[in-house]
Every structure is written in C-alpha cells, then in structure tokens.
Amino acid sequence: MDCIDLMVTNIKSKFDKSGNLKNETQNEVLDWSVLLFGDVTKQRKAIYIYGLALHSITDLFAHSSYRLDGTHINHPDADDKNVYKNRYDCARQMCRYVIPHIKKFEPGSIEDIYNVLSTTYDRSFKLRRIKKYLEAADSQYYKDHLGQYQDVLDAVNRN
C-alpha cells in the first residue's frame, strides 16, 4: 500500500456519510470543534478539508515518487526538496493551482494535475499509479482528455 492508498483509507474512515467526524475507538461522532479548536462554521470546515487536500497533493510528489530505475524515493530523501528537485517544483506548482480553488470555495479538478505535469514536470522521476488515481478521481474527464495528456501520463506513471 502506498501513500495515496493510506491517505484515502485513513481520511475516509474518519468521517461518516453525513460528514461528521468519527471517534473510531469509541464508535461515536465527535464535534468539529475537536479539529477546529473553536467556532465551527462551514467556511472553517471547508478550509480544513482543503488543507487536507493541499497536504495530500503535495505529499504525492514526496511519498509516491520513484527514481527512473524503479526504486522508491523513501525517507529521508522523500522529504528532502533537493532530492529530485523537480518533485518539489511540481508540488509547489500544484499549490498555485489549488489555493485559488480554496479562495473561491470551489472544487479542484484533475486538470490541475494535468497542467502541472504538462508544464512543470521534467520527467526526472515517476509517480506510482498516477493514471489509475486520476481515472478514479474523475473517469469522464480522464477519458475525455487522455489523448491530450497521454504522452506526459505515460512518462510519469509507474505501475
């Protein structure tokens, strides 16, 4: 199981279908104030969730990346922005796409990742199963735009 699988499993298990935070050990619903340390508003909830998304998408480039020879870039190198520096460049560019979505309280899109891979990615590393994850995130957009991004997706993807 890689970083993305763990993140999806762990975050998904923290919330029920109504968006309530669960305390798994005691099988009860917790108040959002546990996470937000204060007033609970839709805006503060949204910012918290966007923070999770921002952390997750930048961690993609740190913890799901591989050298071209197929070896995993793991600790301590995974968090070192100077090891395969383009991983950091891509993560920073992803933030430039995600933050405007946060400010507008709108959803992001896999188009954001396509844009980063098409403009910033230098093909010096690979990302594990990125094609699978992009298709799972938005299968219709993935299918509609696959031809446009096929080259860069083939270059970055590692199964």
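**Close-up views of a predicted model**

**View 1. Strands E4 and E5 in the open sheet.** Strand E4 (residues 126-128) and E5 run parallel and are joined by 2 bridges; two strands pair if DSSP finds at least two bridges between them. Helices (H or I, at least four residues) and strands (E, at least two) are DSSP runs, numbered from the N terminus. The model is predicted: local features need pLDDT of at least 70, side-chain atom pairs count only at pLDDT 80 or more, and totals for chains, interfaces and linings use all residues. Residues are numbered from 1 along each chain as its sequence is written, and side-chain values use heavy atoms, with hydrogens and water left out. The open sheet has 3 strands in the order E3-E4-E5, with mixed pairing. Its edge strands, each pairing on one side only, are strand E3 (65-66) and strand E5 (157-158). Leu127 has Asn157 as its bridge partner in E5.

**View 2. Leu60 and Leu127.** Leu60 lies in helix H3 (residues 42-63). Leu60 has a relative accessible area of 2% and is buried (under 20% relative accessible area, with a 1.4 Å probe and protein chains only). From C-alpha to C-alpha, Leu60 and Leu127 are 7.8 Å apart in space, and they are 67 residues apart in sequence.

**View 3. Helices H3 and H4.** The axes of H3 and helix H4 (residues 86-104) cross at roughly 160° and come within 8 Å. Axes are lines fitted to C-alpha atoms, for helices over the stretch in contact, and angles run from 0 to 180 degrees between N-to-C directions. H3 and H4 are therefore roughly antiparallel to each other (angles over 145 degrees). On the H3 side the contact (heavy atoms within 4.5 Å) is made by residues including Tyr50, Leu54, Ile57 and Phe61. Among the H4 residues in contact are Cys90, Met94, Val98 and Ile102. By class, the contact of H3 with H4 has 12 nonpolar, 2 polar and 1 charged residues. Ala, Val, Leu, Ile, Met, Phe, Trp, Tyr, Cys and Pro count as nonpolar, Asp, Glu, Lys and Arg as charged, and the others, Gly among them, as polar.

**View 4. Helices H6 and H7.** Helix H6 (residues 130-137) packs with helix H7 (residues 139-156) at an angle of about 165°, and their axes are 10 Å apart. H6 and H7 are therefore roughly antiparallel to each other. The contact is made by residues including Ile130, Leu134 and Ala137 of H6 and Tyr142, Leu153 and Val156 of H7. The contact of H6 with H7 has 6 nonpolar, 2 polar and 4 charged residues.

Note on methods:
Parallel < 35°, antiparallel > 145°, perpendicular 65-115°, else oblique. Buried < 20%, exposed > 50% of the residue type's maximum accessible area, 1.4 Å probe, protein only.
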